[in-house]
Amino acid sequence: MTCVSFVAAIDGPAGAGKSTLARKVASLLGMRYLDTGALYRAIAFSLYSRQVLPEEGPEMDAAIDDISVEILEDGLLLNGKDVGKEIRSPLVDSIVSSYAALPSVRKHLLSVQREQGKIGALVADGRDMGTVIFPDANVKIFLTASDEVRAKRRLLELRERGEDLSYEEVLQTIRERDRVDSERSAAPLRKAEGAIEMNTDALSIEEAVAELASIISERKRSVTG
Ligand code: CDP
């Protein structure tokens with residue numbers, strides 16, 4: 001598969017800061033941003049709400065056929081509806097990985113993601129950007145941070161949204177999500193060949209954005225001249 005536009009593929013475990021950083025870097029460099037986690041969250045939210053269990057079979061196939069996701073400039077529509085708030089809930093945090101592990105779910109979201117790589121220079125973040133969706137990406141980053149730092153960041157985010165969870169609960173959900181995402185056979189979370197690993201433990205958001213932007217813009221210059 002060839003990437004028509006310049007693509008920066010960012011992968012990494014839950015809460016490593018991918019979406020915060022990717023969004024900021026894309027805006028800084030005048031690129032588009034694709035949050036693929038939101039697509040999996042939306043589809044999981046829809047299936048769970050309709051009481052479809054995370055199992056392959058005719059029921060799953062029929063339910064998936066009824067789901068449409070449309071990617072907008074800043075967000076997405078699930079069957080025409082904005083579900084931006086609903087998909088960030090602790091409930092969706094705890095169920096999304098079991099749906100994302102299903103090949104039928106991943107297949108449903110394949111072309112909608114790849115299409116985004118043809119529209120214009122793109123920063124895309126998720127779990128399989130560099131390995132499956134954009135294997136020819138111009139630059140691949142694997143973003144990490146320790147479990148504890150990731151849990152603390154996610155806890156702050158959830159508290160800001162008024163969710164009352166303990167540090168231990170958040171840490172456990174993050175670890176469980178990483179386990180399921182890494183152990184699944186369909187597009188498991190792993191560092192793509194040739195990916196640059198970046199650990200954000202000791203970096204502020206501004207420092208991480210600056211480092212990421214410098215890696216991507218340098219690669220962009222070398223590709224576009
Ligand atoms: O923001 P955070 O890293 O916590 O998660 P996310 O990017 O919103 O992704 C939510 C979940 O969707 C992940 O835990 C994966 O189970 C799934 N996902 C995936 O399987 N493949 C992707 N490309 C993106 C997300």
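Predicted model: local features only at pLDDT ≥ 70, side-chain atom pairs only at ≥ 80, totals over all residues.
The ligand sits in the largest pocket. This pocket has a volume of about 900 Å³ and is lined by 40 residues, with G15, K18, S19, R154 and E157 nearest its centre. Two or more lining residues come from each of helix 1 (18-29), helix 2, helix 4, strand 6 (122-126), helix 7 (147-160), helix 8 and helix 9 (205-224). Helix 7 gives the largest share, six residues. By class, the lining comprises 19 charged, 11 nonpolar and 10 polar residues.

Around the ligand itself there are 20 residues, of which R41, R106, R177, D181 and R184 come nearest. This shell divides into 10 charged, five polar and five nonpolar residues. Helix 2 supplies the largest share of the shell, four residues. A ligand nitrogen atom lies 3.1 Å from a polar backbone atom of R127. The ligand taken alone exposes 530 Å², and the protein buries 98% of that area.

The second largest pocket holds about 530 Å³ of space. Its lining consists of 23 residues, and R23, L72, E73, D74 and G75 are the closest to its centre. The elements giving two or more residues to this lining are helix 1, strand 2 (32-35), helix 2, strand 3 (69-72) and strand 4 (75-78). Strand 2 provides the largest share, four residues. The lining of the second largest pocket contains 11 nonpolar, eight charged and four polar residues.

Methods:
Residues numbered from 1 in each chain as written. Heavy atoms only, no water. Near = heavy atom within 4 Å. Polar contact = N/O pair within 3.5 Å; in protein donor to acceptor, adjacent residues only side chain to side chain. Areas by Shrake-Rupley, 256 points an atom, 1.4 Å probe, with all protein chains shown as cover. 1 Å grid on protein atoms, 1.4 Å probe; cavity = no way out; pocket = protein on both sides within 12 Å on 5 of 7 lines; lining within 4 Å. Sits in = over half its atoms within 2 Å of the grid points. Nonpolar A, V, L, I, M, F, W, Y, C, P; charged D, E, K, R; others polar. Points joined across faces, edges and corners; volume = space filled by probe spheres on them.
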